[in-house]
Amino acid sequence: MKSSQLLALIHLLVFLVLRVNTQAVLKRAQSIQGQKLPKKQWQSAWLLKAVTCIDLTTLSGDDTPSNVHRLCMKAIQPVRHDLLRKMDMHDKGISTAAVCVYPSRVADAVRSLKAANSSIPVASVATGFPAGQTPLESRLQEVRSAVNDGATEIDIVINRMLALTGQWEAMFNEIRLFREACGDAHMKTILAVGELETLSNVYKASMVAMMAGSDFIKTSTGKEAVNATYPVAIVMLRAIRDYFLCTGHKVGFKPAGGIRTAQESLVWLTLIKEELGSEWLHPHLFRLGASSLLADIERQIYHEVTGQYAALHELPMA
Ligand SMILES: *[C@@H]1O[C@H](CO)[C@@H](O)[C@H](O)[C@H]1NC(C)=O
Ligand SMILES: *[C@@H]1O[C@H](CO)[C@@H](O)[C@H](O)[C@H]1NC(C)=O
């Protein structure tokens, strides 16, 4: 893209940013939390939908091939077979959307999934996750090496310094380079919204990330002091909608960081449905980044199906 075109786009962007009305966004965020969730008899189906949208994640300093292997097995069979059978969903191939690991653990995850004949994609965080404060060349190299090891989805982090100092064109150019380094892998761009200071910055960063070729925009790394909040999510979802109205291109959304309860996952699904429509409620346009969420969803499904709450030992690896 020529820089004159880019400039025109940024002008359009600024015009669009004026539509971000903080009061309205906060009000909307409040209403979504007080809103009625799906009816009782539909909740299990909604919870299963949430399961199929989870990027089941482990991002710890003590990750090893064996805990990555357990994560992969859980991704393949995220809900106990007998519970799925009771819901008549046991032959629907229910799995999580992806597993998400550090670059050094990609090969382990690929190996475990391959051995189990699973086609679940492996996502890798990259580009100096979580801070993004390493030299550009090593951030690019990290993307290439994760792709080389078999990751088909890359969760990059943006350079917050560029956002906070208003260097949007430089951010655009960096994300373009990550896009190229990803090759055919899907790229999810983490905005680390907890560090972007204003909703306008969130909107601009969303637009720049989408213009630079992101397949998804993602709220947080889970390592900032503030994770995915509803007001920020609403701004990102409206950016996705505006971008779609301008270009006809659908970009996905991934909230992540601190999402732990089945109840919260239902609020997220409701929010996406109302802001973007049911079309976005599929793993190719919606992901929930989470590690402990799945255990609570499985517990909730157990409760719905059997009428009682599960003891922890009844849900292995929860
Ligand atoms: C994977 O598929 C191969 C060939 O179809 C089969 O021989 C093997 O037993 C399968 N492995 C598992 C773990 O299902
Ligand atoms: C943000 O998310 C991380 C990862 O889930 C969690 O450990 C942390 O407690 C969360 N922080 C807040 C303020 O909710």
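Which residues point one way from β1, and which point the other way? Let me start there, and welcome, everyone. Ile-54 and Leu-56 go to one side of β1, Asp-55 and Thr-57 go to the other, and all of them are buried. Before I go on, please keep in mind that what you see above is a predicted model.

Now let's step back to the sheet that β1 belongs to. It is an open sheet of eight strands with parallel pairing, and the order reads β7-β6-β5-β4-β3-β2-β1-β8. At the edges stand β7, residues 252-254, and β8, residues 288-290; each has a single partner strand, so one side of each is left without a neighbour in the sheet. If you like angles, here is one for you: neighbouring strands of this sheet are turned by 25 degrees against each other on average, with direction ignored.

On to the next pairing. Strand β1, residues 54-57, is joined by three bridges to strand β2, residues 98-101, and the two run parallel. Two spots are worth a look here. Asp-55 stands opposite Ala-98 in β2, and Leu-56 has Val-99 as its bridge partner in β2. Helix α4, residues 65-76, lies across β1 and β2, and runs at about 160 degrees to β2.

Next comes β3. It pairs with β2 in the parallel sense over three bridges, and Cys-100 stands opposite Ala-123 in β3. How does the chain get from one to the other? It crosses from β2 through helix α6, residues 106-115, to β3, and this β-α-β crossover is right-handed.

How many residues of strand β3 are buried? Five of its five, over residues 122-126, so the strand is mostly covered. Val-122, Ser-124 and Ala-126 point one way from β3, while Ala-123 and Val-125 point the other way, and all are buried.

Four bridges join β3 to β4, residues 153-157, and the strands run parallel. Ala-123 turns up again here, standing opposite Glu-153 in β4. The chain passes from β3 through helix α7, residues 136-148, to β4, in a β-α-β crossover that is right-handed.

A cis peptide bond joins Phe-129 and Pro-130, with omega at about 0 degrees. Pro-130 is found in the loop between β3 and α7. Gln-133 lies in that loop between β3 and α7 too. Is Gln-133 buried or exposed? It counts as exposed, because it has 12 or fewer C-beta neighbours inside 10 Å, namely 11. Gln-133 and Ile-158 are 25 residues apart in sequence and 9.6 Å apart in space, C-alpha to C-alpha.

For Asn-117, phi is near 55 degrees. Asn-117 sits in the loop between α6 and β3, and it is exposed, with 7 other C-beta atoms within 10 Å. For Glu-197, phi is near 70 degrees. You will find Glu-197 in the loop between β5, residues 186-190, and α10, residues 199-211. Glu-197 counts as exposed because it has 12 C-beta neighbours inside 10 Å, and 12 or fewer is the cut-off for that label.

Last stop, the ligand. Which residues surround ligand 2? They are Gly-222, Asn-227, Gly-257 and Gly-258. The shell around ligand 2 divides into no nonpolar, four polar and no charged residues.

To wrap up, here are the pictures to take away. There is an open, parallel sheet of eight strands, with β3 mostly covered. The path from β2 to β3 goes over α6 in a right-handed crossover, and the path from β3 to β4 goes over α7, also in a right-handed crossover. And there is a cis peptide bond between Phe-129 and Pro-130.

Terms used: Residues are numbered from 1 along each chain as its sequence is written. Chains are lettered from A and ligands numbered from 1 in the order in which they are written. This is a predicted model: local features need pLDDT of at least 70, side-chain atom pairs count only at pLDDT 80 or more; totals for chains, interfaces and linings use all residues. A residue is near a molecule or strand if its C-beta atom, placed from the backbone, lies within 6 Å of it. Ala, Val, Leu, Ile, Met, Phe, Trp, Tyr, Cys and Pro count as nonpolar, Asp, Glu, Lys and Arg as charged, and the others, Gly among them, as polar. Two strands pair if DSSP finds at least two bridges between them. Axes are lines fitted to C-alpha atoms, for helices over the stretch in contact, and angles run from 0 to 180 degrees between N-to-C directions. Two residues are in contact if their C-beta atoms, placed from the backbone, lie within 7 Å. A residue is buried if 20 or more other C-beta atoms lie within 10 Å of its own, exposed if 12 or fewer, and partly exposed in between; C-beta atoms are placed from the backbone. A crossover is right-handed if, with the strands pointing away from the viewer, the path from the first strand over the helix to the second runs clockwise.
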